Amino acid sequence: MARVLILFAHPALHRSRINVALLEAVQGMEGVTFRDLYEEYPNLHIDFETEQELLLEHDVIVWQHPFYWYSAPAILKEWLDVVLEYGFAYGEGGTRLAGKKVMSALTTGGPADAYQRGGYNHYTVKELLAPFDQTARLCGMEYLDPFVIQGVRQLTDEQVRECAAAYRTRIEELRRLV
Ligand SMILES: Cc1cc2nc3c(=O)[nH]c(=O)nc-3n(C[C@H](O)[C@H](O)[C@H](O)COP(=O)(O)O)c2cc1C
């Protein structure tokens, strides 16, 4: 079974409705490591060696976060900048992550129909995720289809529960990937 590492980035978890439901749904799953980056690094001083070791111990990486300005909250960008080092993740000798899989799991305030030509966000979510996709490619990793929940403010409590269950199912599927 694949070992899954969920790297979670939400700067205001106490105000979260949907991400908190998602993370509760996957807490304690066998073979799944959950890591709250803002909790680990409130000052954004990421320990890149610890993070690199964690990557090596897992087969599938999940970047879970709310969509902020068509991207991720700042700590995930900082994580990319300091952890995916030349010679480790890419460049000469940088093959340590090759063959692993990566998936974005994100929530958007905007509804699905806003994310298309003619919609107020113009681009699809997949198009907007191109930097994450290409980052994974450069590191020799496979970027999987993202898990996306949209229009989160309009969701009923029942729909939030369904989304959380769907997330757990997706993580179970990731466990079966290798
Ligand atoms: C700083 C900031 C930027 C945001 N940018 C976007 C955005 O670009 N697109 C979008 O659809 N929603 C955006 N939102 C809405 C969040 O994605 C939404 O509130 C979040 O997914 C809800 O998750 P939560 O309940 O776990 O906090 C933004 C929210 C904040 C606070």
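## Terms and model

Buried here means under 20% relative accessible area, exposed means over 50%, and partly exposed is in between, using a 1.4 Å probe and protein chains only. This is a predicted model, in which local features need pLDDT of at least 70 and side-chain atom pairs count only at pLDDT 80 or more, while totals for chains, interfaces and linings use all residues. Residues are numbered from 1 along each chain as its sequence is written, and side-chain values use heavy atoms, with hydrogens and water left out.

## The annotated region

An unreviewed UniProt entry carries the annotation "domain: Flavodoxin-like fold" for residues 3-170; its positions are given in the numbering used here, feature names are shortened, and annotations may be inferred rather than shown by experiment. Over residues 3-170, the chain is 35% helix and 17% strand, and the end C-alpha atoms lie 14 Å apart. Helices (H or I, at least four residues) and strands (E, at least two) are DSSP runs, numbered from the N terminus.

## Helix α1 and what follows

Let's turn to α1. Helix α1 (residues 18-26) is largely enclosed by the rest of the structure, because seven of its nine residues are buried. Those buried residues are Ile18, Asn19, Ala21, Leu22, Leu23, Ala25 and Val26. Their cover includes β1 (4-8), β2 (32-36), β3 (60-66), β4, β6 (147-149) and α7 (157-175).

After α1 comes Gly28, with a positive phi near 75°. Met29 sits in the loop between α1 and β2, and counts as buried because its relative accessible area is 9%. Leaving aside neighbours within four places in sequence, Met29 is in contact (heavy atoms within 4.5 Å) with Arg168, Ile171 and Glu172. Met29 and Glu172 are 143 residues apart in sequence, yet 8.7 Å apart in space, C-alpha to C-alpha.

## Two pockets

Rolling a probe the size of a water molecule over the atoms shows where empty space is left. On a 1 Å grid over the protein atoms alone, a cavity is a set of points where a 1.4 Å probe fits but cannot get out, whereas a pocket is an open set with protein on both sides within 12 Å along at least five of seven lines; lining residues have an atom within 4 Å of a point. Grid points are joined across faces, edges and corners, and a volume is the space filled by probe spheres set on the points.

The largest pocket has a volume of about 340 Å³. Of its 15 lining residues, His10, Ile18, Pro66, Val152 and Arg153 are the closest to the centre. The second largest pocket holds about 160 Å³, and its lining includes Phe67, Tyr68, Trp69, Tyr70 and Arg153.

## Loop residues with positive phi

Trp69, in the loop between β3 and α4 (74-83), has a positive phi of about 45° although it is not a glycine. Trp69 is exposed, because its relative accessible area is 80%.

His122 is also not a glycine, and has a positive phi of about 60°. His122 lies in the loop between β4 and α5 and is partly exposed at 37% relative accessibility. Asn121 lies in the loop between β4 (101-107) and α5 (125-128), and is buried at 7% relative accessibility. Not counting residues up to four places away in sequence, Asn121 touches Tyr70, Ala114 and Tyr115.

## Cysteines

The structure holds zero disulfides, a disulfide being a pair of cysteine sulfur atoms within 2.5 Å. Cys139 is buried at 4% relative accessibility, and Cys163 is buried at 16%.
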